[in-house]
Amino acid sequence: AQAFNECNAVVFPSISAEAFGLVLLQAMFCGKPVIASALEPIKEIVQNNETALLVEPGNIDSLKNAMQCLCLNPKLCEKLALNGRKIVLEKFSKELVIQKHLQLYNSLI
């Protein structure tokens with residue numbers, strides 16, 4: 001949390017799919033605007049231009065443009081930060097995740 005609080009934004013330029021974008025959720029929970037690669041697991045968590053900026057994996061120009069966009073658009077940063085935190089609280093809270101896991105386990109028994 002301390003590292004997130006010290007930064008202005010979080011950039012997650014993965015070139016291969018992560019199992020789950022926990023770092024993105026943590027950054028969004030801390031109210032940071034996020035730039036991430038448009039990989040399937042990440043696209044399930046964020047919505048481009050609403051909760052994060054998505055860039056083409058491995059495309060340095062796309063990443064550079066997204067970073068410049070955030071630097072030049074404080075209102076976009078605020079929008080992404082607010083929407084990102086909201087989505088984490090609505091869809092990925094600890095209580096909700098536990099409830100979903102319990103439902104899954106009970107359906108398998």
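Student: How do I read the way H2 and H5 cross, and at what angle do they do so?

Tutor: Two packed helices are described by the angle between their axes and the distance between the axes. In this predicted model, the axes of H2 and H5 cross at roughly 115° and come within 7 Å. Angles of 65 to 115 degrees count as roughly perpendicular, so H2 and H5 are roughly perpendicular to each other. Their crossing is left-handed.

Student: Which residues make the contact of H2 and H5?

Tutor: H2 brings Leu 25, Met 28 and Phe 29, while H5 brings Ala 81, Gly 84, Arg 85, Ile 87, Val 88 and Leu 89. By class, seven are nonpolar, one is polar and one is charged.

Student: What about H4 and H5: how far apart are their axes?

Tutor: The axes of H4 (residues 60–72) and H5 (residues 74–91) lie 5 Å apart, at an angle of about 100°. H4 and H5 are therefore roughly perpendicular to each other. Here Cys 69, Leu 70 and Leu 72 of H4 meet Pro 74, Leu 76, Cys 77 and Leu 80 of H5. This contact has seven nonpolar residues, with no polar and no charged ones.

Student: How many residues does the largest nonpolar core have?

Tutor: Let's start with the general idea. In soluble globular proteins, nonpolar side chains tend to be buried together. In this model, the largest nonpolar core has 17 residues, and Leu 24, Met 28, Val 34, Ala 36, Ile 42 and Val 46 have the most contacts inside it. H2 gives the largest share, four residues. Apart from this core lies another, of nine residues, including Ile 35, Ala 66, Leu 70 and Cys 77.

Definitions and conventions. Residues are numbered from 1 along each chain as its sequence is written. This is a predicted model: local features need pLDDT of at least 70, side-chain atom pairs count only at pLDDT 80 or more; totals for chains, interfaces and linings use all residues. Side-chain values use heavy atoms; hydrogens and water are left out. Axes are lines fitted to C-alpha atoms, for helices over the stretch in contact, and angles run from 0 to 180 degrees between N-to-C directions. Helices (H or I, at least four residues) and strands (E, at least two) are DSSP runs, numbered from the N terminus. Angles under 35 degrees count as roughly parallel, over 145 as roughly antiparallel, 65 to 115 as roughly perpendicular and the rest as oblique. Contact means heavy atoms within 4.5 Å. Ala, Val, Leu, Ile, Met, Phe, Trp, Tyr, Cys and Pro count as nonpolar, Asp, Glu, Lys and Arg as charged, and the others, Gly among them, as polar. A nonpolar core is a set of buried Ala, Val, Leu, Ile, Met, Phe, Trp, Tyr and Cys residues joined through side-chain atoms within 4.5 Å. Buried means under 20% relative accessible area, exposed over 50%, partly exposed in between (1.4 Å probe, protein chains only). A crossing is left-handed if the near helix is turned anticlockwise from the far one by less than a right angle, and right-handed if clockwise.
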